[in-house]
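Here is a short report on a ligand site and on a contact between domains. Please keep the structure in view while reading.

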Amino acid sequence: MPGVPAAPTALLGQAHATPAVDLLKALESDPGQGLPGGEAERRLEAWGANRFEHREAQPAWRRFLGQFNDPLLYTLLGVGTVKLLLGEPGEAWVIWSVTLINAVIGYIQEHRAETAIAALALAVRTEVEVVRDGLRQRLDSEELVPGDVVLLDAGDKVPADLRLLEARSLQVDESALTGESLPVPKGTAPVPSPSAVAERSGMAYAGSLVTAGQGRGLVVATGNGTEVGRISRSLAEQVNLSTPLTRKFRGFTRTLLQLVVVLAGLTFLVGVARGREAAEMFDGAVALAVGAIPEELPAIVTITLAIGVNRMARRNAIVRKLPAVEALGSTTVICSDKTGTLTQNRMTVQEVYAGGERLSLDRLWPGTEGRSGVADPLSRNVALQETLLAGLLCNDARASHREGLVGDPTETALLRAAETVGLDRRAALEDHPRRDAIPFASEQQFMATLHGDQRILMKGAVEAVLERCSHQLGADGRREPLDREAIETAVRAMARQGQRVLAFAIGRAPAEQERLVHGQLAGQLEFLGLQGMLDPPRPEAQAAVLACQQAGITVKMITGDHLETARSIATQLGLATGRPVRAVEGRDLEGRSEAELRQLARDTDVFARMAPLQKLALVKALQAEGAVVAMTGDGVNDAPALKQADIGIAMGKGGTEVAREAADMLLTDDNFATIEAAVEEGRGVYLNLRKTLAFVLPVNGGASMTILLGALLGLELPVTALQVLWLNMVSALTLSVPLAFEPRPPQLMSQPPRSPHQPLLSAGLVRRVLLVSAFYWVLIFGVVLGAESQGADLDLARTMAIQALVLAQVVYLLSISQVSKGSWQQWQQVPLLLGGIVTALLLQVVFSQTEWMNGFFDTEPLSSQQWLVCGLAPLAMVPVAWLSEKLCPTTGVAG
Ligand code: ATP
């Protein structure tokens, strides 16, 4: 592209060993100004986006062959070969074709599930903060180009390979790249070549996570040019479809296979001993093996989970780890953040307290008391002026002409409050230019700034600020002893109204000091005042909390905020029903015995001023109580609690990349109601799995019982191996798939959560499977014997039995499906279900009425009278289905 020279690749390859100035020169960038926007766009077009080009982990053919890596398929391939050797090439081909069709279907389904999940993971964009044209701005990380200057903060994921220009207590977790699990400190000095990636302390590599500090780095490589891009594929592309449930099913089918091999051997021996032909009994043994094993189950479980993942995505919950879908359905406790999740994160300052006065912000509007310019209380109360000015100066929010006020809502609220009373930010910053800052971090609960006139300003949680104050500023501008009691009374009064209260303080630094040091803030500051802001609860959160309670799920609030503020919001949200909200502070969890901690965890609704490690202890205590815990988190140090929780939930909008990496699920709208929606979908998935089992297993049970009993009783086999193979294929393809798409029944959230110890194949479900299997067995034998007694030959009798069986399956399917449960949602389901049934019936017509199928499967065309018999016999299924619903209902997740 004209105007954009090629990237200086040789030099960039040695970025770690090159002084930053040389790289800046080579990339025509500037640490303070960054790239000009136009140049960045040209580079983006010429050098490409900062994304990993998709490379499959394995070629498609390999993954296809992987489908054959299944004991049952080996068995079938082997049986085909035996048939060929026995001189029955036709049958061999049918067996092989069916095996192939099974593998193709398995491959397509798994591939679709995989790409759908991978696409979702990639759809979550990472934003980065860069400097371009001298301005800080947030960009999609894909838009980064070499030469960009990126700002790093604790909790960020490093978006590209960076040569560090500035590092302030910067620590980076590079485990994804180097395997080193401890965070490593970073600096700006070059490291001579040759050196291993782990030794290059002047670089921050794409994919690693900033665990502490801040930094500024120059992009030297993007996309596939980065270290991680070169050595492997992006982490997000690695989708693991295996979950505890799919593993259990694979184990189950394997054990079943062993059992079936023994039974098949027995069938063969007993049959031969009873004088039947060896070839026929071999057929019988194969039919038993094929019929008994639900080989399609693991694939169906995967599809059902993948459909759940898609449905959750439509409701703003992005599942990062597939097992979370299963766990969501059994959630018993949700521990949620307050700010932004349960509340709107739209803060407005309501009250200010300073110089012993507590005033509502409305009273401070210019002109409120008949004057223009500055309102009265402001001019008479110096502490009030200073409190509002501190809110303006000790603040990282900024005005952007495109987006309005940008930044942390707490800070934008303070800016608005200051502007409301007539303070001008630009003028204030000119009078007191900022030299340095310690940005806000949840762990320390304050932010501090150092200004040109040597003033140090601090704002933060009341406790964090007060513990650093020795005096206070009076309304008359004089220094006074600290009146802790009066301040705390004001804080409580404001917090009880649900206000988030921030305290402000001022200090002085020695002349010429350029940097703020933590220790300098201890004990010497002067308290200025308080500002209280309201952040109303989300209306939808209120409804979602109620829905959770009706579903037997306890909701607990975990917050960094003040206890009284949190209690007030929790009361508004109805977190405790019929009793006052029980609230404790994080420090109340310290020094407790395990039993006390468990009790406290169980009985408390609100945990305020929680530190990340306390969150971890809380999750563990709840789990020890037998709870299945979903926990939200957004900070760098929340990662251990998110990993420990059964479902770790991070925020897609706010929150750090570190938390997102650790989470099982992301909320794209940061909304509590989305967690409730995801739980509901999780329950839906579980129910659909139960429905699938209730449908599929009797097909296998019926077919295998028929053959086994036939052999044991010395009867002619009522179905052949090939016919069973066909039956399985038809029902897997057409009848059981719609069950994975079943809509959720409306009553799902009015039931208690299922016990995490309840196996999917519960006692009720086993009874149901046995009942329906027995019915299929009676039906098959009944039709075969009945037809033979009417003079039909064996092939015709078998054909009729199979047709009756498929029709009975259709009746049974309808009884399980939501369609028969009479809710409005049934209509969405009808086309798919009908499509499945019609396809099954068409296939069955082809199966018996076409000559070539007759040749393959030894079937015979049926007369209309025979069709009628096949159509009427399955009506006996109606009472059986009714009874099985009584034994084990398919309307809920328990039983
Ligand atoms: P949640 O965990 O529910 O999201 P939270 O947002 O209140 O709660 P933190 O962000 O950890 O939790 O904030 C803890 C406390 O730190 C707040 O109660 C407030 O007093 C103070 N605080 C919050 N934001 C800032 C900020 N930008 N600058 C200074 N102090 C802040």
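**Domains and ligand position**

This is a predicted model. The protein is divided into four parts: domain 1 (9-38 + 123-237), domain 2 (244-313 + 680-744 + 761-887), domain 3 (319-344 + 538-670) and domain 4 (348-534). Where does the ligand lie? Domain 3 and domain 4 both give residues to the shell around the ligand, so the ligand lies between them.

**The ligand shell**

There are 20 residues around the ligand. Lys338, Thr339, Ser442, Arg500 and Asp561 come nearest. By class, the shell holds eight charged, seven polar and five nonpolar residues.

| Residue | Protein atom | Ligand atom | Distance |
|---|---|---|---|
| Lys338 | polar backbone atom | oxygen | 2.7 Å |
| Lys459 | polar side-chain atom | nitrogen | 3.1 Å |
| Ala461 | backbone N or O atom | oxygen | 3.5 Å |

How much of the ligand does the protein cover? On its own, the ligand has 610 Å² of accessible area, and the protein covers 93% of that.

**Domain 1 against domain 4**

Domain 4 (348-534), which gives residues to the ligand shell, also has a contact with domain 1. The C-alpha centres of domain 1 and domain 4 lie 35 Å apart. Four residues from domain 1 and seven residues from domain 4 take part in the contact.

The size of an interface is often given as the accessible area lost when the parts come together. Here, domain 1 and domain 4 bury about 440 Å² between them. Carbon and sulfur atoms carry 32% of that area. Which residues supply 74% of the area that domain 1 buries against domain 4? They are Arg136, Arg168 and Gln214, and they supply more than any other three residues.

Conventions
Residues numbered from 1 in each chain as written. Predicted model: local features only at pLDDT ≥ 70, side-chain atom pairs only at ≥ 80, totals over all residues. Heavy atoms only, no water. Near = heavy atom within 4 Å. Polar contact = N/O pair within 3.5 Å; in protein donor to acceptor, adjacent residues only side chain to side chain. Areas by Shrake-Rupley, 256 points an atom, 1.4 Å probe, with all protein chains shown as cover. Nonpolar A, V, L, I, M, F, W, Y, C, P; charged D, E, K, R; others polar. Domains from an automatic or database assignment. Contact = heavy atoms within 4.5 Å. Buried area = accessible area lost by both parts, 1.4 Å probe.
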